[in-house]
Amino acid sequence: GRVASTEILFSIADASTFGFSRPSSLWIAGVDDYVALEARLAEIASPRTWVRWARSWDEPSVDNVLSTLRLKTILGEFEYRFAAGDNIDMEPAWVGQNIAKQTFPIIGEIWCNRAVFDDLTAALAEVEAAGLAGVIDVGDTRRYGGCWGPRRIRGTSGGAVSRHAWGLAVDINPSTNRWGTPPTLDHRVVEIFRANGFAWGGTWTRPDGMHFEWIGAAT
C-alpha cells in the first residue's frame with residue numbers, strides 16, 4: 001500500500017546498479033512532532049517549487065493515475081525494444097489488439113487505446129455541449145499532442161515507458177501547457193475530463209498541464 005502497487009521495490013544501492021542514481025522520494029517515519037516537521041518541510045520547500053510532500057492520512061488525489069501493475073492487469077503487457085531517442089518499438093500483436101484510429105468530437109481522428117474510446121468521446125462531447133470547444137486548440141493538439149505515442153517518458157524518469165505508449169494519455173494544447181510550467185487550461189475542461197475517467201497532470205509535483213490520463217472508474 002505504501003508504494004502504490006509497485007511491481008518491484010529495491011534498495012537505493014541496488015537501484016544504482018540498474019542506472020537509477022537519483023531517489024525521487026523519501027519516507028519519513030517515527031516522527032513525534034508533526035507540526036515541527038511540517039514547518040521545517042515548508043521552510044525547505046519555499047525556495048524550491050518542485051519540492052512537495054504528502055501525508056499518509058491525506059485523502060487520495062483525484063489526479064492519481066493507475067499503477068503500472070493495475071494497468072497491466074487491465075490491458076495486458078507488451079514487449080518492446082529501445083529505438084532512436086526516446087522512442088520504442090512495441091510488440092505488434094499488442095498494438096494490433098489495443099491501438100486503433102478513432103474520430104472524436106472536436107479533435108477529430110487520432111490513434112488511441114480502444115479502452116479509452118468511450119470515455120474520451122464522452123468527455124469531448126461534453127466539452128462541446130458546454131460551449132467550450134474553442135478552448136481546445138485543435139491544430140496544436142493534433143500536431144504536438146494526440147494520444148498514442150510509442151516512447152519512454154522524457155526527463156528524469158529513468159527511462160520508464162510513457163503512458164502514451166499505452167495509448168491512454170491525451171495531450172491538449174501542449175504549446176501553452178508545457179511540462180513543468182504553470183497550466184493555463186480552462187479548469188472547466190479539466191473538471192469535465194475528470195468526471196469522465198481522466199486524471200489531470202496539472203496538479204502533479206512537476207505540473208503537466210496538457211496531460212489527461214485515462215483511469216476509467218478507478219476513482
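Student: What do the buried residues of helix 7 pack against?
Tutor: They pack against helix 5 (117-129), strand 6 (198-200) and strand 7 (211-214). Keep in mind that this is a predicted model.

Student: Which residues of helix 7 are buried?
Tutor: Helix 7 covers residues 187-195, and the buried ones there are V189, V190, I192, F193 and R194.

Student: And what follows helix 7?
Tutor: G197 does, and the phi of G197 is positive, near 95 degrees.

Student: Back to helix 5. At what angle do helix 5 and helix 7 pack?
Tutor: The angle is about 145 degrees, and the two axes are 9 Å apart. Helix 5 passes helix 7 in a right-handed crossing.

Student: Which residues meet there?
Tutor: From helix 5, L120, A123, L124, E126 and V127; from helix 7, V189, I192 and F193. The residues of this contact are seven nonpolar and one charged, with no polar ones.

Student: What does F193 touch?
Tutor: Leaving out residues up to four places away in sequence, F193 touches L120, A123, L124, V127, I172, F198 and F212.

Student: Which residues touch the most other members of the largest nonpolar core?
Tutor: L120 and F193 do, in a core of 41 residues. Helix 5 gives the largest share of this core, five residues. As a general point, nonpolar side chains tend to be buried together in soluble globular proteins.

Student: New topic. I clicked on T141; where does it lie?
Tutor: T141 lies in helix 6, residues 138-145.

Student: Why does T141 count as buried?
Tutor: Because its relative accessibility is 2%, and buried means under 20%.

Student: What is around T141?
Tutor: T141 touches I107, I136, G146, D171, I172, N173 and P174, again not counting residues up to four places away in sequence.

Student: Now zoom out. How many helices and strands are there in the chain?
Tutor: Seven helices and seven strands. From the N terminus on, the order is α-α-α-β-β-α-β-β-α-α-β-α-β-β.

Student: What percentage of the chain is buried residues?
Tutor: Of the 219 residues, 36% are buried. The accessible surface of the chain is about 13,200 Å², with 53% of that belonging to carbon and sulfur atoms.

Student: Last one: what share of the contacts comes from residues 24 or more positions apart?
Tutor: Among contacts with a separation of 6 or more, such residues account for 55%.

Methods:
Residues numbered from 1 in each chain as written. Predicted model: local features only at pLDDT ≥ 70, side-chain atom pairs only at ≥ 80, totals over all residues. Heavy atoms only, no water. Buried < 20%, exposed > 50% of the residue type's maximum accessible area, 1.4 Å probe, protein only. Helix = DSSP H or I, 4+ residues; strand = E, 2+ residues; numbered from the N terminus. Contact = heavy atoms within 4.5 Å. Axes fitted to C-alpha atoms, helices over the stretch in contact; angles between N-to-C directions. Left-handed = near helix turned anticlockwise from the far one by under 90°. Nonpolar A, V, L, I, M, F, W, Y, C, P; charged D, E, K, R; others polar. Core = buried A, V, L, I, M, F, W, Y, C linked by side-chain atoms within 4.5 Å. Areas by Shrake-Rupley, 256 points an atom, 1.4 Å probe, with all protein chains shown as cover.
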